[in-house]
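The following exercises concern a predicted model. Each task is followed by a solution in steps.

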Amino acid sequence: MNFRMMTAAGLALMLAGCTTTTGVARNEVEKRWLGQPAGAFFAQFGPPLADVESGSDTVYSWKGGYKTRRIPAEYEKSADGKRGKRIAAARTEYLSCAVQLTVSSDYVIRSIRIAGDRKRANGPSWCEEFLGGAKTE
């Protein structure tokens, strides 16, 4: 009986030690940056706006990726291939991305939360495209 209890306790301790400290990536940004050095992120995209100490971790607020994107007007297509009636007017999108990075004391990104983003109907959001390297159509 003692041997079974010791084995069960050992197995429980072993499984408890198998948890990851960075979590599971839910989007392209997390997939690209979880577990990476924060210095590489800030070197590529610029310094953070603010930081707050939270125990042994530091939470950095970052904003960037400013871009103006022109979306052309959409027209319906007729059977003979000519342009028909206008469906949607041309417009301009002003894009930016805001994230909060939780960085451990050894300066490794433990979590990255998207705080401000522009979603698209089809394809990646602007943060996923800019920070995660996702390809657009």
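**Exercise 1.** Determine which side chain meets that of Glu129 in a salt bridge, and whether the two residues are buried or exposed.

*Solution.* Step 1: the side chains of Glu129 and Arg69 form a salt bridge, with an N to O distance of 3.4 Å. Step 2: this pair connects distant parts of the chain, since Glu129 belongs to helix H4 and Arg69 to strand S2, 60 residues apart. Step 3: a residue counts as buried under 20% relative accessible area. Glu129 has 16% and is therefore buried; Arg69, at 15%, is likewise counted as buried.

**Exercise 2.** State how many salt bridges the structure holds, and describe the one between Lys31 and Glu28.

*Solution.* Step 1: there are 3 salt bridges in the structure. Step 2: among them, Lys31 and Glu28 meet through their side chains at 3.4 Å, N to O. Step 3: both lie in helix H2 (residues 28-33), and because they are 3 residues apart, about one helical turn separates them. Step 4: Lys31 is exposed, at 57% relative accessible area, whereas Glu28 is partly exposed, at 29%.

**Exercise 3.** Locate the disulfide and characterise its geometry and surroundings.

*Solution.* Step 2: it joins Cys97 to Cys127, with an S to S distance of 1.8 Å. Step 3: the angle about the S-S bond is 115 degrees, and the link of Cys97 and Cys127 is right-handed. Step 4: Cys97 lies in strand S5 and Cys127 in helix H4 (residues 126-130), so that distant parts of the chain, 30 residues apart, are linked. Step 5: Cys97 is buried, with a relative accessible area of 0%, and Cys127 is buried, also with 0%.

**Exercise 4.** Give the strand order of the open sheet and explain why one side of S1 and of S6 has no neighbour in the sheet.

*Solution.* Step 1: 4 strands, in the order S1-S2-S5-S6, make up the open sheet, and their pairing is antiparallel. Step 2: S1 (50-54) and S6 (109-116) are at the edges; each has a single partner strand, so one side of each lacks a neighbour in the sheet. Step 3: on average, neighbouring strands of this sheet are turned by 25 degrees against each other, direction ignored. Step 4: S2 (residues 57-71) and S5 (residues 91-103) pair over 12 bridges. Step 5: Gly64 has Cys97 in S5 as its bridge partner, and Cys97 is joined to Cys127 by the disulfide.

Notes:
Residues numbered from 1 in each chain as written. Predicted model: local features only at pLDDT ≥ 70, side-chain atom pairs only at ≥ 80, totals over all residues. Heavy atoms only, no water. Pairing = 2+ DSSP bridges. Helix = DSSP H or I, 4+ residues; strand = E, 2+ residues; numbered from the N terminus. Axes fitted to C-alpha atoms, helices over the stretch in contact; angles between N-to-C directions. Disulfide = S-S within 2.5 Å. Buried < 20%, exposed > 50% of the residue type's maximum accessible area, 1.4 Å probe, protein only. Salt bridge = Lys/Arg side-chain N within 4 Å of Asp/Glu carboxyl O.
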